[in-house]
Amino acid sequence: MGKNKLAKFADMEEFPHVFQVSSHAIREGIEFDMKGKWNEMFFKNNHPIVLELGCGKGEYTVGLGKLYPEKNFVGVDIKGARLWTGAKESHEKGMTNVAFLRTNIEMIHHFFAENEVSEIWLTFPDPQMKKVTKRLTATNFIKSYQQFVKPDGIIHLKTDSNFMFTYTCEMVKANNFKVVFSNNDLYSSDLQDPILGIKTYYEQQWLERGLTIKYIQFLLEKKETLIEPDVEIEHDAYRSFGRSKRHNLDV
């Protein structure tokens, strides 16, 4: 492990707004003491809580925190060296409405209580074209989100992947979730929103390559039964930054 990474891990241990919980501890039944008490114990206000799952370097978490001081933001990722970037910036800027949680997203329901979260952002997640249960908008994840997102809470997906966007649209349709906004070429749409000004490093690279950015926003109505869409979707046929090679079905 390089010295730079070791230094980042050391910083992460000292940042007061970064929480690192081992998967082993959760599996052993050790409860996260702020579950259901994020506003009371950390943010010290009653503002809505918004998660960014798979936040990477935390650019979106920090960007949203700057745009919406009336909301609280928690960026979640398992990669500590990546989280360091957003954690360091928000710490240096003295942002009190931003926190970071290092854990597996599969365990996210262990960290937030019923109705504690108002919105979830999924920004450029790996489309997991071969593994349905690994997709962050698959019904198994939706069931997890329903445990802590408020009724009709908002789910945002922003992606360069046509596969991920199409799959999510089909999942939303199959389960009759209400779509607030959907567009397969976000920056050519008529959406007027400050979020358009937030672009991660990789998003800028995709735009420079001429790729379109897709976006869907839908309401997460709580349902007893969820339907996994049964559709054939053409795989993305390009290599995406920071991910394994995307390929066609016949490769």
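With which side chain does the side chain of S144 make a polar contact?

Modeller: Two remarks on the basis come before the details. This is a predicted model, in which local features need pLDDT of at least 70 and side-chain atom pairs count only at pLDDT 80 or more, while totals for chains, interfaces and linings use all residues. Residues are numbered from 1 along each chain as its sequence is written, and side-chain values use heavy atoms, with hydrogens and water left out.

The side chain of S144 makes a polar contact with the side chain of H109, at 3.4 Å; a polar contact is a pair of N or O atoms within 3.5 Å, where, within protein, one must be able to donate a hydrogen and the other to accept it, and residues adjacent in sequence count only if both atoms are side-chain atoms. S144 belongs to helix 6, residues 139–146 (helices are DSSP runs of H or I with at least four residues, strands are runs of E with at least two, and both are numbered from the N terminus). With a relative accessible area of 7%, S144 is buried, a word that stands for under 20% relative accessible area, against over 50% for exposed and partly exposed in between, using a 1.4 Å probe and protein chains only. If residues up to four places away in sequence are not counted, S144 touches I108 and H109, contact being heavy atoms within 4.5 Å.

Helix 6 also holds F141 and Y145, which are separated by about one helical turn because they are four residues apart. Both F141 and Y145 are buried, and their rings form a tilted aromatic pair, 6.2 Å centre to centre with 35 degrees between the planes; rings of Phe, Tyr and Trp (its six-membered ring) pair if their centres lie within 6.5 Å, and planes under 30 degrees apart count as stacked, over 60 as edge-to-face and the rest as tilted. F141 and Y145 also belong to one aromatic cluster, whose members include F19, W38, F112 and F148.

Y145 leads on to the largest nonpolar core, where, of 44 residues, W38, L51, V74, F112, I120 and Y145 touch the most other members; such a core is a set of buried Ala, Val, Leu, Ile, Met, Phe, Trp, Tyr and Cys residues joined through side-chain atoms within 4.5 Å. The largest share of this core, six residues, comes from helix 7, residues 162–174. V74, for its part, touches residues including W38 and F112, not counting residues up to four places away in sequence.
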